[in-house]
Amino acid sequence: MLTALMLVSGCSQSAITDSRVQKSVGATFANLWVLQQLDQGHPHPPVDALRSDASCHRADPAQPAAGAAADWVCSISWLVDGPGTPATALYNLDVMPNGCYTADGDGPSSLNGSASLQTESGPKINPLFRFDGCFDLR
């Protein structure tokens, strides 16, 4: 009976973990940040130099940092102009059971608070306002 209980409880563990969410969100953000900078005609470092890092958790501290839910929150930090210039952005995530997510920008407004960007050629979609991504569940 104890063995059966252990097997059932082991099956309930989610493949959606904070480390998988963080890795995917951090990498996706970095690539989109470079795209946003290009759209605005700003100089930018290579993606790897940004050292983008996401820290994600569930909004309710009583909930484990795992599983599909619409209450994930991520703080993303990266280096804008090298080690001396760190920046931070906030996102609310809806993480689905298939390992895909939608991230909605929650500040700062100059980075992800508007659906469009003003560029030299006119308004463009802001890639950091809302973005989707997926990660491997294996």
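I take buried to mean under 20% relative accessible area, exposed over 50%, and partly exposed in between, with a 1.4 Å probe and protein chains only. I began with Cys74, which is buried because its relative accessible area is 0%.

I note that this is a predicted model, in which local features need pLDDT of at least 70 and side-chain atom pairs count only at pLDDT 80 or more, while totals for chains, interfaces and linings use all residues. Residues are numbered from 1 along each chain as its sequence is written, and side-chain values use heavy atoms, with hydrogens and water left out.

**Entry: disulfides**

I counted disulfides, a disulfide being a pair of cysteine sulfur atoms within 2.5 Å. The structure holds 2 of them. With bonded cysteines counted along the protein chain, I read the pattern as 1-2, 3-4.

I looked at Cys56 and Cys74, which are joined with an S to S distance of 2.1 Å. This link is right-handed, with 115° about the S-S bond. The pair links distant parts of the chain, Cys56 being in strand 1 and Cys74 in strand 2 (residues 69-79), 18 residues apart. I use helix and strand for DSSP runs numbered from the N terminus (helices are H or I with at least four residues, strands are E with at least two). Cys56 counts as buried because its relative accessibility is 4%.

I then looked at Cys100 and Cys134, whose sulfur atoms are 1.9 Å apart in a disulfide. Their link is right-handed, with 100° about the S-S bond. It ties together distant parts of the chain, with Cys100 in strand 4 and Cys134 in strand 7 (residues 130-134), 34 residues apart. Are these two cysteines buried or partly exposed? Cys100 is buried because its relative accessible area is 18%. Cys134 is partly exposed because its relative accessible area is 48%.

**Entry: strands 1 and 2**

I checked how strand 1 meets strand 2; two strands pair if DSSP finds at least two bridges between them. Strands 1 and 2 run antiparallel and are joined by 6 bridges. Cys56 stands opposite Cys74 in strand 2, and these cysteines are the ones joined by a disulfide.

I also followed the side chains along strand 1. In a regular strand the side chains alternate between the two faces of the sheet. In strand 1, Ala54, Cys56 and Arg58 point to one face and are buried.

**Entry: strands 5 and 6**

I looked up strand 5 (residues 116-119) and strand 6 (residues 122-125), which pair in the antiparallel sense over 4 bridges. A hairpin joins strand 5 to strand 6 through 2 residues. Which residue of strand 6 stands opposite Ser116? I found Ile125 there.

**Entry: Gly107, Pro108 and Asn112**

I checked the peptide bond from Gly107 to Pro108 and found it cis, with omega near 0°. Pro108 is in the loop between strand 4 (100-105) and helix 4 (109-112).

Asn112 lies in helix 4. I list Asn112 as buried because its relative accessibility is 0%. A polar atom of the Asn112 side chain lies 2.8 Å from the backbone nitrogen of Gly107. I also looked up contacts, meaning heavy atoms within 4.5 Å. Leaving out residues up to four places away in sequence, Asn112 touches several residues, among them Tyr91, Gly105, Asp106, Gly107 and Phe129.

**Entry: Arg51**

I noted that Arg51 has a positive phi of about 50° although it is not a glycine. Arg51 is found in the loop between helix 3 (47-50) and strand 1 (53-58). Arg51 counts as exposed because its relative accessibility is 63%.

**Entry: Thr17**

Where is Thr17 found? I placed Thr17 in the loop between helix 1 (2-11) and helix 2 (18-39). Thr17 is partly exposed because its relative accessible area is 23%.

I looked up its polar contacts, each a pair of N or O atoms within 3.5 Å; within protein, one must be able to donate a hydrogen and the other to accept it, and residues adjacent in sequence count only if both atoms are side-chain atoms. The side chain of Thr17 makes such a contact with the side chain of Ser19, at 3.3 Å. Not counting residues up to four places away in sequence, Thr17 touches Ala65, Ala66 and Trp72. I also noted that the C-alpha atoms of Thr17 and Ala27 are separated by 16 Å, the residues being 10 apart along the chain.
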